[in-house]
Amino acid sequence: MEKECVIVLDFGGQYNQLIARRVRECHVYCEVHPNTLSLEEIKKRNPKGIIFTGGPNSAYLPESPTISKEIFELGIPILGICYGSQLMAHLLGGTVSTAPTSEYGKTEVTTSRDSVLFQDVSRTTVCWMSHTDYIAEAPEGFTVSATTPVCPVAAMENPDKKLYATQFHPEVMHTAEGMKMLSNFVYKVCRCKGDWQMSSFVEDTIEAMRKKIGSGKVLCALSGGVDSSVAAVLLSKAVGKQLTCVFVDHGLLRKNEGDEVEAVFGPEGPYDLNFIRVNAAQRFYDKLAGVTEPEEKRKIIGEEFIRVFEEEAKKIGAVDYLVQGTIYPDVIESGLGKSAVIKSHHNVGGLPDYVDFREIVEPLRLLFKDEVRAAGRELGIPEYLVSRQPFPGPGLGIRIIGEVTEEKVRIVQDADAIYREEIANAGADKGLGQYFAAITNMRSVGVMGDERTYDYAVALRAVCTSDFMTAEAAQLPWEVLSKVSSRIVNEVKGVNRVLYDCTGKPPATIEFE
């Protein structure tokens, strides 16, 4: 039986994959395509609905991305969001112009009780606006279904043609009842049944990987973190012993983590995997000597990873594919596609120009962290691995401000181990997305006993987040922070000061570099 599908057409919006994720949360399969996808290709996919994303352009300018007007005659329900709503209005004869008053952030929107899109939605609800242009006049045949004091067409619709549009973003969590609106579109307008589950993604991906790889040999970059662990088990179920997992211990892991990873995935572990551990700490330390610039550190670590993999691949014999646990926030932050570069990830933007594999395979590339965890549970991976907090590919190299040295690595490993232990002891880890210790490049005067010290400051970080695209600093109990601070200063040689980072994302990133 052909599965239901909703297509997201991307017009350059930063939330394109987030829209897809929200639709999948409604148990309807969803995929993202560029706005250049032809009508013939759209028809082949036989979607139950189409969603136009937002974007940074003005719909009325000739150079802005557009689409054939014929799409509105296919009889397929369409929801336009932000730029997508303006494009719909512009193409169908409405008026789009620069708004006298731009709207950004949380905005009170008044909705129509008669609109199916706003069924069971409050008459006045908070929505997330982000626009300079607006729809000044809706096209003929459309009715206005939502307004704000400065936006005359916050939403519009033509139910006869199954066309709907919102100036605001229902997909972001800041729109209080956005999931109700998207669910109404998916179920009441598109008439979807909701037949897609994470199990479907797992099954489809295993089959797709099996077909793609065929009889080829595969090398998996295994870090032991959630993403690479799920990718490894996924590939092992697809191609079995054609897969070799290589774990590179670059000396930048958390305390005792190398041994823990080997215990799970090595010969004595529960998985039927080819496993190779490469102890390469000194090699990485030598490469990083004297380097202080964050992006340079990331790229050095990323390139050295690939070179180690290439060397291991040559020992194994001809290897066709390199598998990595890249997930969608990695892709966004690395600036692939239309997004701005925030930082390169060693498994995305940090790759060297030349990589000696036929292709890099990233089966989790379109998933957010919570979806990766759900996939892991479907695969039967133990909960303690699935729920493990994320750890970056470059490891402690990006939790060490300034030059990476063995002394700094020891300091941050010991401080982080104390922090994680006390968080767990206090039961304060519930609801935390990520928490860790980092070492700043600041040294300050302190007093220990009767002696003056001049040592490093360690910074503690803890955030609450569901998707790792945005995050809030966790308000940890003071008694926990106080105990952690006391233990670190007393037990970790070279530290005389402990700080707590209260910054959210944005403006900061979750990691320090």
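Let's start with the parallel sheet: 5 strands make an open sheet, ordered β12-β11-β10-β13-β14, and the pairing is parallel. Strands are DSSP runs of E with at least two residues, helices are runs of H or I with at least four, and both are numbered from the N terminus. Two strands count as a pair if DSSP finds at least two bridges between them. At the edges stand β12 and β14 (359–361), each with a single partner strand, so one side of each has no neighbour in the sheet. From one strand to the next, the twist averages 25 degrees. For angles like this, axes are lines fitted to C-alpha atoms, for helices over the stretch in contact, and the angles run from 0 to 180 degrees between N-to-C directions.

Before going on, a word on what you are looking at. This is a predicted model, where local features need pLDDT of at least 70 and side-chain atom pairs count only at pLDDT 80 or more, while totals for chains, interfaces and linings use all residues. Residues are numbered from 1 along each chain as its sequence is written, and side-chain values use heavy atoms, leaving out hydrogens and water. pLDDT is the predictor's confidence in each residue, from 0 to 100. Its mean for the protein is 89, and 94% of the residues reach 70 or more. Please be careful with residues 335–352, though: pLDDT stays under 50 there. Where pLDDT is low, the predicted coordinates should not be read in detail.

Back to our sheet. Strand β10 (residues 218–221) pairs with β11 in the parallel sense over 4 bridges, and alanine 221 stands opposite valine 246 in β11. Helix α6 packs on this sheet and touches β10, β11 and β13 (321–323), its direction making about 160 degrees with that of β11.

So which elements cover the buried residues of helix α7? Among them are α6 (226–239), β11 (243–249), β12 (274–279) and α12 (383–386). Within α7 (residues 257–265), the buried residues are Glu257, Gly258, Val261, Val264 and Phe265. Seen down the axis of α7, they fall within an arc of 130 degrees, so they line one face of the helix; the arc is that of the directions from the helix axis to the C-beta atoms. Asp259 and Ala263, on the other side of α7, are exposed. Buried here means under 20% relative accessible area, exposed means over 50%, and partly exposed is in between, with a 1.4 Å probe and protein chains only.

Now for the other sheet. Its 9 strands form an open sheet in the order β2-β1-β3-β4-β9-β8-β7-β5-β6, and the pairing is mixed. The edge strands, β2 and β6 (124–137), each pair on one side only. Neighbouring strands of this sheet are turned by 25 degrees against each other on average, direction ignored. As an example, strand β8 (residues 151–158) and strand β9 (residues 163–166) run antiparallel and are joined by 4 bridges. In that pair, alanine 155 stands opposite threonine 166 in β9. Helix α4 packs on the sheet as well, touching β3, β4, β6 and β9, with its direction at about 160 degrees to that of β4. Helix α3 (residues 83–91) lies across β3 (49–52), β4 (78–81), β5 (95–111), β6, β8 and β9, and runs at about 115 degrees to β4.

Let me zoom in on one residue. Threonine 148 lies in strand β7 (residues 143–148). Is threonine 148 buried or exposed? Threonine 148 is buried, since its relative accessible area is 9%. Its side chain reaches the backbone nitrogen of cysteine 151 at 2.9 Å. That is a polar contact, meaning a pair of N or O atoms within 3.5 Å; within protein, one must be able to donate a hydrogen and the other to accept it, and residues adjacent in sequence count only if both atoms are side-chain atoms. Leaving aside neighbours within four places in sequence, threonine 148 is in contact (heavy atoms within 4.5 Å) with Glu103, Thr107, Glu108, Val109, Met129 and Ala154.

Most residues other than glycine have a negative phi, and most peptide bonds are trans. Histidine 27 has a positive phi, near 65 degrees, and sits in the loop between α1 (16–25) and β2 (29–34). Arginine 191 has a phi near 60 degrees and lies in the loop between α4 (178–189) and α5 (198–213). The peptide bond from lysine 505 to proline 506 is cis, with omega near -10 degrees, and another cis bond joins proline 506 and proline 507, with omega about 10 degrees.
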